[in-house]
Amino acid sequence: MINNYKLATTLTSAAIVVLSVSSYGALVSRGHIDIVGSSTVYPFATVVAETYGKNTGSKTPKIESTGSGGGMKLFCAGNGIATPDITNSSRRIKSSEYKKCQKNGVKDIVEVKIGFDGIAVANSKKSPVFNLTRRELFLALAKQTPSLKTGELVDNPYTKWSDINAKLPNTKIEVLGPPPTSGTRDAFVELALQGGCFTYSWIKQIKKDSKIAKKAGNKSLASQLKRKYKNICHSIREDGAYIEAGENDNLIVEKLKTNPNALGVFGYSFLDQNSDVVQGAIIDGVKIDFEAIANGSYPISRPLYFYVKKSHVGKVPGIKEFIAEFTSEDAWGEDGYLTDKGLIPLSDNERQNMSYSANNLVPFKM
Amino acid sequence: MISNTKKIKNKLAKRYAKEKRFQIYGLSAIAISIAFLLSLLINISTTGFPAFQQTYINIDVDIDSKLLNLDGKYSEKALFSANYRKVVNQSLKTLFPGVNGRKQKKALRQLISKSARYQLRDFVINNPDVIDTKQSLWFLARDDVDVFMKGGIDRSLPESDRRLKNFQLAWIDRLLAENRLEKRFNINFFTQGDSREPEQAGIKGAMIGSFLTMLVTMFLSFPIGVSAAIYLEEFAPKNNRWVDIIEININNLAAVPSIVFGLLGLAVFIGFFGIPRSIPLIGGLVLTLMTLPTIIISSRAALKAVSPSIREAALGLGASRVQTTFHHVVPAAMPGILTGTIIGMAQALGETAPLLMIGMVAFIADVPQSIADPSTVLPVQIYLWSDSPERAFTERTSAAIMVLLGLLIVMNLLAVIMRRKFEKKR
């Protein structure tokens, strides 16, 4: 018996030593590109990473889906192999994030805009197509809405679509959408709800006043006004009409299939893949499709970006080649493989400019 | 007098009825849980089974050195970077002549998987003689074609609602008529790493990642957990306040949500010790923290269950306490210790939440080679696939769940076998 135990202890310690020695080399340098960031850009970045890996035979970049904000936090933490080389974002970098980057020594950042993503408001194919305006979406989903009689803000009184507009169906308002941690939710709130919100001129006036106050140097008033209109436009009702369905868009599609009265909010690529069971609503008179998002006529669409840490180029192998693959016509062009995955390409002109500044690693200033 | 016997008889009947009722409750509880389990298993396996088959397309490829852009150079490097895409596309055009229009041409290219060019590349590099010959080769079919072949696309739907349009279905019909379309066992599912193209995606990377992570977990948690249990049970002073505090804390830790261990790992191992994110080493360390309480508690229970007479006999014959513990008590407790360890490891195998914090929830296409290569684990792979828009990933998600369930069954079987073996030895 005792020999068995001696053997076991020896083997265990030997294995630990071997494992740690063999891995030491990998701990002090890194052979692969490290990418973090938006879950919306994730499906596109991963395809590029895979193609890059297979074409060049080098290591495939590692891509974590952390959300745009989480990605920026990791990206701006500093330089060195412990930090990511690239972060994906479904919105532009915020000035606060840029400042944080600068403070932590991440000086030169290359910004690459890769294309657009549309956010679909969809329902089951068994029901008729919804025809909505952004104002109606705002009235259906905001926490507080201006009352019809006095114009003052009251708790959202609408329970049925037909309460908002008699032309809309006489069904309960039921919208399945992403939770607050999601970039899709941020974009939906900003583009759809705030867009609808600003159709009320007095709310838009608050924003204008805030800008005027900022110009006049009255910072506290400016931020107070800003908070005021954001409170009105960005708060989603919490009485059960908006249902947070988690980050999983497939789940929302599944639920729409079984509940023909519900609407769902998710990225265009999921609508594209499931066009046999769900259909996109017409927003402000425009039906969501490839062309409408590309030419900007569909109102709920946003640009997608990735940001490169210039100080890592040359230290981590392959960053330049990865950018070249991402910005090749074969990838992000009108017929590229990214459009198969649901990315809406930039215009020819914009692509050319972007490709030049990306491949020459021109840092951007804010 | 008669009334007394009657009373007893009545009571007896009531008691029997009560007993029967209780048995019925128990049986129905088991029946309900079996029904739930069965519906889960049936649901998973009916969606998952198609993933073990994959559609292949046969194409005559004219491996033209001009199209390959070789310029008479045949070094391995030249062969590696030659233009295989063009060759594959040209072969498709020859197979379906007269395809016009941008959309149709694109659809034609999308009949076969993007991996065809890499498959052809490897084929040519391994057999350079095939250059400038015609070869009949089988390539992976694109996920849409694969879904159609498995009955996932309904022909009777109107054309606009289908992923495959009428002209694409006509091509598929022609391929079927010419025996160029075939379903085979999906070997790629077990030999490839992750991919964003469903037809190329496999679980090898995740399986190796799980294996390496479990290896680290086992090598750390077993010796540490068992040693702690032995000390606490056999050597620690009884009725000592410190020992009590430690015991309460260990029991508490066993109930802490696993994501907390992930946060701890992020702060300590990554933040303080600077271990890179996303590697099995850090995953194993975090899972060690998570499994330690389970192992310590079950090992202590096993040690406690060893009859005191064994200890007394050994001590009585002049063995020291260490000798008593290691020669007699621990071997007797081994079956219980191993069961606890394997159950703890099985728990760790199915964990995703703590790994989210340390970057193991990531797209990693390469199969990890060591505990310092980035990797994911099986449950994470399942989570990532379930979140992918492509329809063909649904069946792969279920298939990966089946593999994970299979591994868990194997581990639990191992626990039973080990226990039997050690029990027999004594």
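## Chains A and B at a glance

The C-alpha centres of domain 1 of chain A and domain 2 of chain A lie 32 Å apart, with domain bounds that come from an automatic or database domain assignment. This is a predicted model, where local features need pLDDT of at least 70, side-chain atom pairs count only at pLDDT 80 or more, and totals for chains, interfaces and linings use all residues. Residues are numbered from 1 along each chain as its sequence is written, while chains are lettered from A and ligands numbered from 1 in the order in which they are written.

**Chain A overall**

- Chain A holds 16 helices and 14 strands; helices (H or I, at least four residues) and strands (E, at least two) are DSSP runs, numbered from the N terminus.
- Its C-alpha trace spans about 85 × 60 × 45 Å along the principal axes.
- Of the 366 residues in chain A, 42% are buried. A residue counts as buried if 20 or more other C-beta atoms lie within 10 Å of its own, exposed if 12 or fewer, and partly exposed in between, with C-beta atoms placed from the backbone.
- Take the contacts in chain A between residues at least 6 apart in sequence: 72% of them join residues at least 24 apart. Here, two residues are in contact if their C-beta atoms, placed from the backbone, lie within 7 Å.

**Domains**

- Chain A splits into domain 1 (2-116 + 304-359) and domain 2 (118-301).
- Where these two meet, domain 1 of chain A puts in 13 residues and domain 2 of chain A puts in 15 residues.
- On the side of domain 1 of chain A that touches domain 2 of chain A, you'll find four nonpolar, seven polar and two charged residues. For these classes, Ala, Val, Leu, Ile, Met, Phe, Trp, Tyr, Cys and Pro count as nonpolar, Asp, Glu, Lys and Arg as charged, and the others, Gly among them, as polar.
- Chain B is assigned domain 1 (2-49), domain 2 (53-193) and domain 3 (204-425).
- In chain B, the C-alpha centres of domain 1 and domain 3 are 36 Å apart, and their contact takes four residues from domain 1 and six residues from domain 3.
- The side of domain 1 of chain B that touches domain 3 of chain B has one nonpolar, three polar and no charged residues.

**Where chain A meets chain B**

- Each side of the contact is listed separately: 34 residues from chain A and 34 residues from chain B.
- On chain A's side, the elements giving two or more residues are α1 (2-28), α2 (42-56), β2 (62-64), α10 (249-258) and α11 (268-273).
- The most comes from α1(A), with nine residues.
- Sorted by class, chain A's side has 13 nonpolar, 13 polar and eight charged residues.
- Strand pairing also links the chains: β2(A) and strand β4 (residues 362-363) of chain B run antiparallel, joined by two bridges. Strands pair if DSSP finds at least two bridges between them.
- The bridge partner of A:E64 in β4(B) is B:A362.

**Strand β14 of chain A and its partners**

- Strand β14 (residues 301-309) of chain A has eight of its nine residues buried, so it is largely enclosed by the rest of the structure.
- Strand β3 (residues 86-89) of chain A runs antiparallel to β14(A), with four bridges between them; A:N88 has A:F306 as its bridge partner.
- Strand β4 (residues 109-124) of chain A also pairs with β14(A) in the antiparallel sense, over nine bridges, and here A:E111 stands opposite A:Y307.

**A three-stranded sheet**

- In chain A, three strands make an open sheet of mixed pairing, in the order β5-β12-β13.
- Its edge strands, β5 (131-132) and β13 (286-287), each pair on one side only.
- β5(A) runs parallel to strand β12 (residues 282-283) of chain A through two bridges, with A:L132 opposite A:I283.

**The largest nonpolar core**

- This core has 175 residues, of which A:A45, A:L193, A:F306, A:Y307, A:V308 and B:I57 touch the most other members. A nonpolar core is a set of buried Ala, Val, Leu, Ile, Met, Phe, Trp, Tyr and Cys residues joined through C-beta atoms within 7 Å.
- Helix α12 (residues 280-304) of chain B supplies the largest share of the core, twelve residues.
- Leaving aside neighbours within four places in sequence, A:L193 is in contact with A:L137, A:F138, A:L141, A:A142, A:C233 and A:H234.
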